[in-house]
Amino acid sequence: DEETLFVSKPAGVLVHPVKGTPNSEVTLCDAVLKHYGVDGVSSIGEYPSIVHRLDKGTSGVMCLAKTDTAHAMLVSSFFRRETKKTYHA
């Protein structure tokens, strides 16, 4: 929709760069910025659009924010544990 983006992150993909990440390794954050541009996503936080993370080896649905309002609401929802998360082994 206009404020949020839900993507299926495959295992093996970093959500955002971490110390020691080679510059050639593309992250989910890089891909979102390339597609939507810096003005097309929330600028809150260190990594544009990123509300939460999944480990590199974990696949799953990621919710990303296109607007600062959506970012604040999603972060609050995760913080208050209102967002239901299900993990499968």
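A residue counts as buried when its relative accessible area is under 20%, as exposed when it is over 50%, and as partly exposed in between (1.4 Å probe, protein chains only). The structure is a predicted model, in which local features need pLDDT of at least 70 and side-chain atom pairs count only at pLDDT 80 or more, while totals for chains, interfaces and linings use all residues. Residues are numbered from 1 along each chain as its sequence is written, and side-chain values use heavy atoms, with hydrogens and water left out.

The chain contains two helices and two strands, where helices (H or I, at least four residues) and strands (E, at least two) are DSSP runs numbered from the N terminus. Read from the N terminus, the order of these elements is β-α-β-α. The radius of gyration of the chain, taken over C-alpha atoms, is 13 Å, close to the 12 Å that the globule rule gives for 89 residues, so the chain is as compact as a globular protein of that length. That rule is 2.2 Å times the number of residues to the power 0.38. Along the principal axes, the C-alpha atoms fill a box of roughly 35 × 35 × 20 Å.

Of the 89 residues in the chain, 33% are buried. With contact meaning heavy atoms within 4.5 Å, residues 24 or more positions apart provide 59% of the contacts that have a separation of 6 or more.

A nonpolar core is a set of buried Ala, Val, Leu, Ile, Met, Phe, Trp, Tyr and Cys residues joined through side-chain atoms within 4.5 Å. The largest one here has 10 residues: Leu-5, Val-15, Leu-28, Cys-29, Val-32, Val-41, Ile-50, Leu-54, Met-62 and Leu-64. Helix H1 (28-36) and strand S2 (60-65) each contribute at least two residues to this core, and H1 gives the largest share, three residues. Apart from this core lies another, of six residues, including Cys-63, Ala-65, Ala-70 and Phe-78.

Met-62, a member of the largest core, is in contact with Leu-5, Phe-6, Val-7, Lys-9, Val-15, Leu-28, His-52, Arg-53 and Leu-54, leaving aside neighbours within four places in sequence.

His-71 sits in helix H2 (residues 68-79). Is His-71 buried or exposed? His-71 has a relative accessible area of 6% and is therefore buried. Not counting residues up to four places away in sequence, His-71 touches Ser-42, Ile-44, Ser-49, Ile-50, Val-51 and Ala-65. Among these, Ile-50 belongs to the largest core, and Ala-65 to the six-residue one.
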